[in-house]
Amino acid sequence: AALAAPQRSQSARSGAEKYLVILPAPGCQPKSLRAGRTARPHLALEEHFGPQPARETAQRPSDIRTAVQTKPSKMNISQPEPEDPALTPVHASDPSPTELLKAALSSDAPLAERFSPHEFAACASAAHADGDTEAIARAARRCFASAPPKQLRSWATHLLCCRVAHSEGPFGLLAKLAETNQRACGHVFAAGDIAWNCRTCQKDNTCVLCDACFRSSNHQGHEVFFHRAAPGGCCDCGDPEAWVAEGCCAKHRASSVVEEDPLASLPPGLRQAGEVVVREAARYVVGAAVRAAGAHEPHNTNPAFSSQEPNEETGLLDRLSAAAQNRDEDQGVRVRLHDDDVHSYDDVIGALAGLGLSVARARDLAGRVDREGDALLPLGDAQTALRAVHARGLLGAAVDDELLERELRATQLAKWLSELVRGADALRRLVADAFAAPLPLPNTPGAPALLKSSRFSLVERLEKSERRLQLDEGESGFASSAFGVLVACD
């Protein structure tokens, strides 16, 4: 160990500058002693810092170790006695993917606080590989119920592709499938999009092409015209039942596609996980629709309220007006007014003003219903308010925070399913199969409740261990599917 300070002149030692003195490690001899010279490092310390206190003679553990290393001696080493297993500490191993998934499913903490979408999907995939056959289904149900609503489509996509490794990630995988596995265009028109008709190629007047497919196809000499589409229709390019093959674009021309089951083109892992995730998404959407349909029930049968009878009509307007003054719109059950396409703008304003709202507030709410389709009413007791709304012929529903969040999540999932439908043919088939499959019995994980509403002619009943949609007064019916229940929910 070096112990001499840098050689400097006396003038350079003035001020705050100090010597750097490196002391030897305990038990080690300085180089100067090994070379036969005398080294006195404590004199250098005393020169600058004054006399140094005597060093303690008690040996530290490091001194003992050094002494053992520098002066080895013979020691009798015997075999250690066996340890008592009861006293031996057990080091917990890392939890398995199945254990991580079970902990996530049983915890009330939001998923985003513990996982990213990729981590959660990888956990579900690993648990499935470990033999938990229901891991992906349970992960999908938890994801749809507790993942951040605005990020729900991303979480669902990661789960959909959790059994397939792809260099560009799940979104790159779906984009690649859309490029190589698409028979029909299926572009969904937004309001104002250009839609093309060709009387030579279309099978009927409702069949149209989107602008991109029309410009990539040959209609020279045909009778064509275009119009601005209403929202909701789709492009028929590539559909042999709607458009002749010669009039389709090169990408969707039927002659360029081999007739086979589109699901056969999916990677096995994507098909296996996709069937489960899409099925659970369809059931979640149906469950939200059934719950929303029940919200329109009359006040005495509405599931949002208890079984207690409502208050008498005495003082109805006074109670509504008083409660509206201090209404906390983020708490409890509220009444939501829907656009029914029956009442005029003035009818709604007059009805709301009759409930105790000012004309200005009634006009503002009526405008919101007309623009957005619905609006929450700032009324007091929800049960009494719903009865008053129904009494005036308006379409009202009793909603709470749980239903509003569920509707938001179902809307995001419906958009995600719509994106899948616009992609590859195989993904379109996955969605179609999920909505056409019979719904499971109530009390089955992920199964929606039975559709029972006095507003609809079709209701669900249990018959021979299956759900069946039947006419309210009829005995015949058909097996309940996600699509059928959504149609029955109007």
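Contact here means heavy atoms within 4.5 Å. The model is a predicted one, and with that cut-off L420 is in contact with L160, L174, V278, L427, R428 and V431, once its neighbours within four places in sequence are left aside.

L420 also belongs to the largest nonpolar core, which has 63 residues, and it is listed there with F120, C143, F144, L159, W416 and L451 as the residues that touch the most other members. The element that gives the most to this core is helix α10, spanning residues 268-294, with 14 residues. Another core lies apart from it and has 24 residues, including V348, A375, L377 and V389.

The aromatic residues can be taken next, and the structure holds five aromatic pairs. For F120 and W155, the ring centres are 5.9 Å apart and the planes stand at 55 degrees; since planes under 30 degrees apart would count as stacked and those over 60 as edge-to-face, the pair is therefore tilted. F120 lies in helix α5 (residues 117-129) whereas W155 lies in helix α7 (residues 152-160), so the pair ties together parts of the chain that are 35 residues apart in sequence. Both F120 and W155 are buried. Ring pairs also bring in F115, so that F115, F120 and W155 are linked into a cluster.

Which strands hold W196 and F226? W196 is in strand β1 (residues 194-198) and F226 is in strand β3 (residues 224-228), and their pairing links distant parts of the chain, 30 residues apart. The two rings form a tilted aromatic pair, with 5.1 Å from centre to centre and 50 degrees between the planes. W196 has a relative accessible area of 12%, which is under the 20% limit and therefore makes it buried, whereas F226, with a relative accessible area of 48%, is partly exposed.

The strands that carry W196 and F226 belong to an open sheet of three strands, in which the order is β2-β1-β3 and the pairing is antiparallel. Because β2 (209-210) and β3 stand at the edges, each with a single partner strand, one side of each is left without a neighbour in the sheet. Between β1 and β2, which run antiparallel, there are two bridges, and A195 stands opposite C210 in β2.

A charged side chain also meets an aromatic ring in this model: R406 lies over the face of Y284, at 5.2 Å from the ring centre.

Notes: Residues are numbered from 1 along each chain as its sequence is written. This is a predicted model: local features need pLDDT of at least 70, side-chain atom pairs count only at pLDDT 80 or more; totals for chains, interfaces and linings use all residues. Side-chain values use heavy atoms; hydrogens and water are left out. A nonpolar core is a set of buried Ala, Val, Leu, Ile, Met, Phe, Trp, Tyr and Cys residues joined through side-chain atoms within 4.5 Å. Buried means under 20% relative accessible area, exposed over 50%, partly exposed in between (1.4 Å probe, protein chains only). Helices (H or I, at least four residues) and strands (E, at least two) are DSSP runs, numbered from the N terminus. Rings of Phe, Tyr and Trp (its six-membered ring) pair if their centres lie within 6.5 Å; planes under 30 degrees apart count as stacked, over 60 as edge-to-face and the rest as tilted. A charge sits over a ring if NZ of Lys or CZ of Arg is within 6 Å of the ring centre and within 35 degrees of the ring normal. Two strands pair if DSSP finds at least two bridges between them.
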